[in-house]
Amino acid sequence: MRATRIESAFTHGATIRKDGRVVRDMYLAEVKAPKDSKGEWDLYKILRTIPAQDVTIPLAESSCPLVKR
C-alpha cells in the first residue's frame, strides 16, 4: 500500500511513509468575494501550492517506532 500513490477528490499524488504519515502538497487559498465567484462552489482562489517536503516533518525526526534510526 505504501508504494501506491493516493488519488482522491481531496488528495492527488500523495504517498504513505514508513511511519504511516500521508505526505502530500498543501494549498494556500484565499476566500473569493461574492462578486468574484462564478457559482455556488466557486469559493476559493488557490494562491500557491506548498510542496509536501515543506509541510511534513522529516522522516528522520519521526518518533514512530516503525522507523528504525
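Colleague: What radius of gyration does the protein have, and what would a compact globule of 69 residues have?

Modeller: The protein has a radius of gyration of 16 Å, whereas a compact globule of 69 residues would have a value near 11 Å. That radius is taken over C-alpha atoms, and the globule rule is 2.2 Å times the number of residues to the power 0.38. Please keep in mind that this is a predicted model, in which local features need pLDDT of at least 70 and side-chain atom pairs count only at pLDDT 80 or more, while totals for chains, interfaces and linings use all residues. Residues are numbered from 1 along each chain as its sequence is written, and side-chain values use heavy atoms, with hydrogens and water left out.

Colleague: And what does the C-alpha trace span along its principal axes?

Modeller: It spans about 55 × 20 × 15 Å.

Colleague: How much of the protein is buried?

Modeller: Of the 69 residues, 19% are buried, where buried means under 20% relative accessible area, exposed means over 50%, and partly exposed lies in between (1.4 Å probe, protein chains only). The accessible surface comes to about 5900 Å², and 57% of it belongs to carbon and sulfur atoms; these areas come from the Shrake-Rupley method with a 1.4 Å probe, and for residues only the protein chains shown count as cover.

Colleague: Which elements does the chain run through from the N terminus on?

Modeller: The order is β-β-β-β-β-α, which comes to 5 strands and 1 helix. Helices (H or I, at least four residues) and strands (E, at least two) are DSSP runs, numbered from the N terminus.

Colleague: What about the hairpins, how many residues are between the strands?

Modeller: E1 is joined to E2 through 4 residues, while the hairpin of E2 and E3 has 5 residues between the strands, with glycine 20 taking a positive phi near 90°.

Colleague: Changing topic: how many salt bridges does a search of the whole structure find?

Modeller: The search finds 3, a salt bridge being a side-chain nitrogen of Lys or Arg within 4 Å of a carboxyl oxygen of Asp or Glu. Arginine 17 pairs with aspartate 19 at 2.8 Å, N to O. Lysine 32 pairs with aspartate 42, with the closest N and O atoms 2.5 Å apart. Both of these residues lie in the loop between strand E4 (26–31) and E5, so the pair ties together parts that are 10 residues apart in sequence. Lysine 35 and aspartate 36 meet at 3.4 Å, N to O.

Colleague: What is leucine 28 in contact with, leaving aside its neighbours within four places in sequence?

Modeller: Leucine 28, in strand E4, is in contact (heavy atoms within 4.5 Å) with Lys45, Ile46, Leu47, Arg48 and Ile50. Leucine 28 is partly exposed, with a relative accessible area of 40%.

Colleague: Last one: which residues form the nonpolar patch on the surface?

Modeller: The patch is formed by Val31, Leu43 and Tyr44, with about 320 Å² of accessible area together, and tyrosine 44 belongs to strand E5 (residues 44–50). Patches are made of residues with over 30% relative accessible area and no salt bridge, joining like charges within 9 Å and nonpolar side chains (Val, Leu, Ile, Met, Phe, Trp, Tyr) within 5 Å.

How values were computed:
Two strands pair if DSSP finds at least two bridges between them.
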